[in-house]
Amino acid sequence: MKNFNIDKIVRPHLLSLVTYDAVNPPDLLSQKSGIPENEIIKLNGNENPYGASPKAIESLNQAQVHLYPDPDQIRIRKAISAYTGLPIDNIVAGAGADEIIDLIFRIFISPGDSILDCSPTFGMYSFCAKIAGANVKFAERDSNYDLNIEEIEKNIDSSTKLIFITSPNNPTGNLVSYDHITYLLEKDILLVVDEAYFEFAKSSVQNLVLEHPNLIVLRTMSKWAGLAGLRVGYGLMHSSATKYLMEIKPPYNVNVSAEAALLASFEDIEFLQKNVDKIIVGRNWMNVELNKINGLTAYPSSGNYILCEFTENHCKTVFGELEENGIFVRKFHTERLKNSFRISIGTETQNQKVLKTIQKAMNNE
Ligand SMILES: Cc1ncc(COP(=O)(O)O)c(C=O)c1O
């Protein structure tokens with residue numbers, strides 16, 4: 001039918017959906033800014049500036065790309081089991097942690113259910129909730145961006161099925177206390193603790209999944225292992241939840257290249273750990289140096305990024321100055337973060353250039 005109107009059959013609530021604000025790749029940033037691609041410093045996606053393990057890159061040549069991957073993810077789950085110490089019955093891998101988030105919505109959330117988002121936080125939860133037709137309730141974090149338990153309690157009602165807790169939180173960088181998590185686990189609600197930045201924080205609640213069927217812990221290979229482009233992450237959960245995720249996920253959700261690179265990365269932890277350590281050193285150095293600048297607050301971070309908050313209208317000016325120098329950081333559109341941006345930690349040279357550019361823009365040189 002030539003004049004078929006596709007809009008007519010779209011689920012009505014999706015017609016006005018505000019889409020996820022994803023980051024652009026370097027070639028597009030180059031095109032938009034007119035700065036050569038090899039001069040772009042991309043610090044807007046919390047990617048790993050040192051890249052993947054050479055063993056992971058090499059493994060891509062051996063991947064049997066003409067065959068479908070193992071739908072049971074046995075090799076992947078065994079490797080994650082060895083890494084985390086949890087049995088494979090408690091592990092499900094996905095095309096990034098993003099896919100596990102999406103799966104959680106597809107399995108547990110019906111239109112009209114509510115989810116609780118501890119804002120400001122990672123945008124995928126509310127984005128997926130809106131696609132699912134769920135209500136998103138926002139329990140605003142306190143002035144230090146810590147969880148506000150009172151706000152959370154106030155926003156819980158009989159329709160609340162799911163609470164997302166990000167630790168360390170993106171974009172604010174702070175960890176959630178173990179006590180807050182154990183307190184929330186006592187509720188009759190599914191709790192997803194997103195530990196995408198675990199390797200930079202070394203703090204986890206993964207040991208709680210064996211005894212708490214209402215806990216799912218998310219992890220990713222995108223950050224510490226530098227595999228963001230291959231899309232592979234995983235969830236750690238009670239075996240009663242694993243069953244549903246394994247049954248409902250697309251059968252071949254983690255592709256063979258991602259599998260090969262994940263296995264090779266776990267064979268090269270020492271190399272990857274050295275890069276994680278360099279990022280942590282860079283993060284701590286940046287935090288001290290940024291806080292020396294008048295008019296700028298750099299929040300303490302346990303991730304591979306730092307949230308910078310500016311006084312007056314400095315944020316826009318500094319953002320513009322960074323862009324003119326080919327440095328791309330993450331800005332936000334919410335009222336609370338309108339004077340802030342998030343910088344991913346780069347290599348030592350990149351960090352120095354970022355710092356110099358900000359100092360100059362703030363007349364602090
Ligand atoms: C808190 C958090 N969770 C999940 C993700 C997505 O991870 P993945 O690349 O594995 O989909 C990100 C990516 O930035 C993140 O910041």
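Trainee: How many of the 7 residues of strand E5 (residues 160-166) are buried?

Mentor: Buried means under 20% relative accessible area, exposed over 50%, partly exposed in between (1.4 Å probe, protein chains only). Strands (E, at least two residues) and helices (H or I, at least four) are DSSP runs, numbered from the N terminus. Here 6 of the 7 residues of E5 are buried, so the strand is largely enclosed by the rest of the structure. Mind you, this is a predicted model: local features need pLDDT of at least 70, side-chain atom pairs count only at pLDDT 80 or more, and totals for chains, interfaces and linings use all residues. Residues are numbered from 1 along each chain as its sequence is written, and side-chain values use heavy atoms, with hydrogens and water left out.

Trainee: Which residue is the bridge partner of Asp 117 in E5?

Mentor: Two strands pair if DSSP finds at least two bridges between them. Strand E3 (residues 114-117) runs parallel to E5, joined by 4 bridges, and Asp 117 partners Phe 164. E5 also pairs with strand E6 (residues 190-194), again parallel, over 5 bridges; there Phe 164 stands opposite Val 192.

Trainee: How many disulfides does a search of the whole structure find?

Mentor: A disulfide is a pair of cysteine sulfur atoms within 2.5 Å. The search turns up 0. For Cys 128, the nearest cysteine sulfur, that of Cys 118, is 16 Å away. Cys 128 is buried, at 4% relative accessible area.
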